[in-house]
Amino acid sequence: MTEPTMKAPRKAVRPVKWMRENLFSGWFNTVLTLGVAYLLVTSVGPLLNWFFLDANFVGSDPSACTGAGACWVFINQRLNFFIYGFYPDELQWRVNVMFLLLAVAFVPQFIERFPGRKWLGIFGIFGLPVVGYFLIPGGSFGLEAVESSKWGGLMLTLVLAYIGIIASLPIGILLALGRRSEMPIIRGISVVFIEVWRAVPLITVLFMASVMLPLFLPEGVNIEKLARALIGITLWQSAYMAEVVRGGLQAIPRGQYEAASALGLGYWRRMGLVILPQALKMVIPGIVNTFIALFKDTTLVLIIGLLDVLGTVQSTVSDPTWQNVATEGYVFVAFCFWVFCFGISRYSQKLERKLDTGHKT
Amino acid sequence: MGNPMTDQAYTPEKQAPTDGRAGKKPDIIRVEGMHKWYGDFHVLKDLNLTVAQGERIVICGPSGSGKSTFIRCINRLEEHQQGKIIVDDVELTDDVRQIDSVRREVGMVFQQFNLFPHLTVLENCCLSPIWVRKTPRKEAEATAMEYLERVKIPDQANKYPSQLSGGQQQRVAIARALCMKPRIMLFDEPTSALDPEMIKEVLDVMIELAGSGMTMLCVTHEMGFAKTVADRVIFMAGGEIVEQAPPHEFFSNPKEPRTQKFLEQILQH
Ligand SMILES: Nc1ncnc2c1ncn2[C@@H]1O[C@H](COP(=O)(O)OP(=O)(O)OP(=O)(O)O)[C@@H](O)[C@H]1O
Ligand SMILES: [Mg+2]
């Protein structure tokens, strides 16, 4: 070091100057600013009133809702149903354990320098489904069995979304590699698979899975409705995932494939160590977009009679004991979805920044 | 297709350089009557070449003459359709196992460096030794550091390729190839994507490597490099080997008119 290190000069931001530059530069922006300000002022008050000030929080039945605002008593009272569906009360600890493990595995991912963060994430991806597989349906290790027809609410939504997400990524990657394979048979199978599934609406897939699949299955083979829906969702989703991943594969310069080959790496190592890490990183936004879309699409299972969180709310809202609570119910559902989808989105942004190593190339 | 230089087998021993490396050395690369087409386009026409172990060969020729295609055939990045290529006693065929075994012994350096941007310099160097040679990580890292020292950038080991200059990246690429302890090194215009002030640092590394007895095939237009290190210069045009000779003969007394014209053109600059 021959010269003292110099810091880049910090730009001082003065509020008045900032406002003049950003909010009131020119008559058009001024009008827009004032208009938006007016809308905010007129809508925030009523919203606050409805959500909090005029709302009722405590009570045990509809008569507790006397205010003009939201009747959160309704959500409170039926929360158990919204979260667990018909899962027996005394066994709900099993679902709670899963919720807890989910939080333990993924919340630390947002905390930089959390010890063992990586291992928790790996457990979340590979271990959690295994634990859930035994814990939620039961029937082994002395756990009482709970049929999948009793599952419901948020828990069912999470089961569908989680398995759909975790299974569709690897299948999608294989399909994408298959579509770019040099072997005509593998390429052909991948193309047909992707194009067929992608061209069918999810509703149709679910109908087929619930109504038609049993007709094709051999006598005596009986797959539960939930499992059928899961298979349908996963395969449908992997077709989308395959195309997202393929976009990434195509963006990797040929030189990377060649350099990896020239180093003597075989096909799977070439893909696994050199190409996929770069390709997947490049398409994180697309992958996450697909995950979020899947998360929300799980609500479609309603039409084959599975009660996910939206389904449970829907069926309760039409219950005559509670009147005019539809808004509260749907706000609750929206909030549930928002929490998870926003979490996924934030995490992906973090991941993207962290993995960014190629500034120039 | 007949041309005077390729019809008779070329024997490097006859013109063995005087640096004491003379004497019978086994052939490490044999190319016999090799042809390649891209679709209907006949890129390489009846190539014949034998390279002795430790020999240093420079390939030059006009753009589009098939130089890159030729050396890429030697580690099967490109497939040939006719003739034979035998590298280190293994013939290159469709057999993937044979291809991989050849690639383990043949290092390649590209014009565009082709470092892996998601890995650090050290990881770039260790990847293949660990996964292909099954070298323990510690040992692979030690070897990598040795080679990084040889190319004079051990201090950059933990940086990512995007944080290095072009010349540094190319030296890492050379080190990465050397970490596999190859018996042959192929270079495809290693300096032509570099700014002039970085060319020398890469050439110095290559000259040092040539001094260590490595078998080298190098496509380059650096005629100074050819004069210093090459045992033989090969001139390609239109997919054929037009002329080959030791550098002093090649530059002072080219026999073919096409070679003369080419040399005139590049020496003008
Ligand atoms: N993948 C390909 N498909 C079709 N033609 C190709 C392909 N690659 C190269 N060619 C053609 O083959 C010929 C030889 O190409 P090659 O890259 O080997 O030339 P080169 O001697 O290395 O030239 P340069 O000095 O420009 O690198 C060129 O005419 C080129 O257009
Ligand atoms: Mg070339």
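## Domains of chain A

In this predicted model, chain A is assigned domain 1, covering 15-53, and domain 2, made up of 79-87 + 146-355. The C-alpha centres of domain 1 and domain 2 of chain A are 39 Å apart.

## Shell around ligand 1

The shell around ligand 1 is drawn from chain B and includes Tyr38(B), Phe41(B), Val43(B) and Pro62(B). Also around ligand 1 are Ser63(B), Gly64(B), Ser65(B), Gly66(B), Lys67(B), Ser68(B), Thr69(B) and Glu189(B). By class, 4 residues of this shell are nonpolar, 6 are polar and 2 are charged.

In terms of secondary structure, at least two shell residues come from each of β2 (41-52) and α2 (67-74) of chain B. The element that gives the most to the shell is α2(B), with 3 residues.

- Thr69(B): a polar side-chain atom is 2.4 Å from an oxygen atom of ligand 1.
- Ser63(B): a polar side-chain atom lies 2.6 Å from an oxygen atom of ligand 1.
- Lys67(B): an N or O atom of the side chain is 2.8 Å from an oxygen atom of ligand 1.

On its own, ligand 1 has 630 Å² of accessible area, and the protein covers 60% of that area.

Terms used
Residues are numbered from 1 along each chain as its sequence is written. Chains are lettered from A and ligands numbered from 1 in the order in which they are written. This is a predicted model: local features need pLDDT of at least 70, side-chain atom pairs count only at pLDDT 80 or more; totals for chains, interfaces and linings use all residues. Side-chain values use heavy atoms; hydrogens and water are left out. A residue is near a molecule or strand if one of its heavy atoms lies within 4 Å of it. A polar contact is a pair of N or O atoms within 3.5 Å; within protein, one must be able to donate a hydrogen and the other to accept it, and residues adjacent in sequence count only if both atoms are side-chain atoms. Accessible areas come from the Shrake-Rupley method with a 1.4 Å probe; for residues, only the protein chains shown count as cover. Helices (H or I, at least four residues) and strands (E, at least two) are DSSP runs, numbered from the N terminus. Ala, Val, Leu, Ile, Met, Phe, Trp, Tyr, Cys and Pro count as nonpolar, Asp, Glu, Lys and Arg as charged, and the others, Gly among them, as polar. Domain bounds come from an automatic or database domain assignment.
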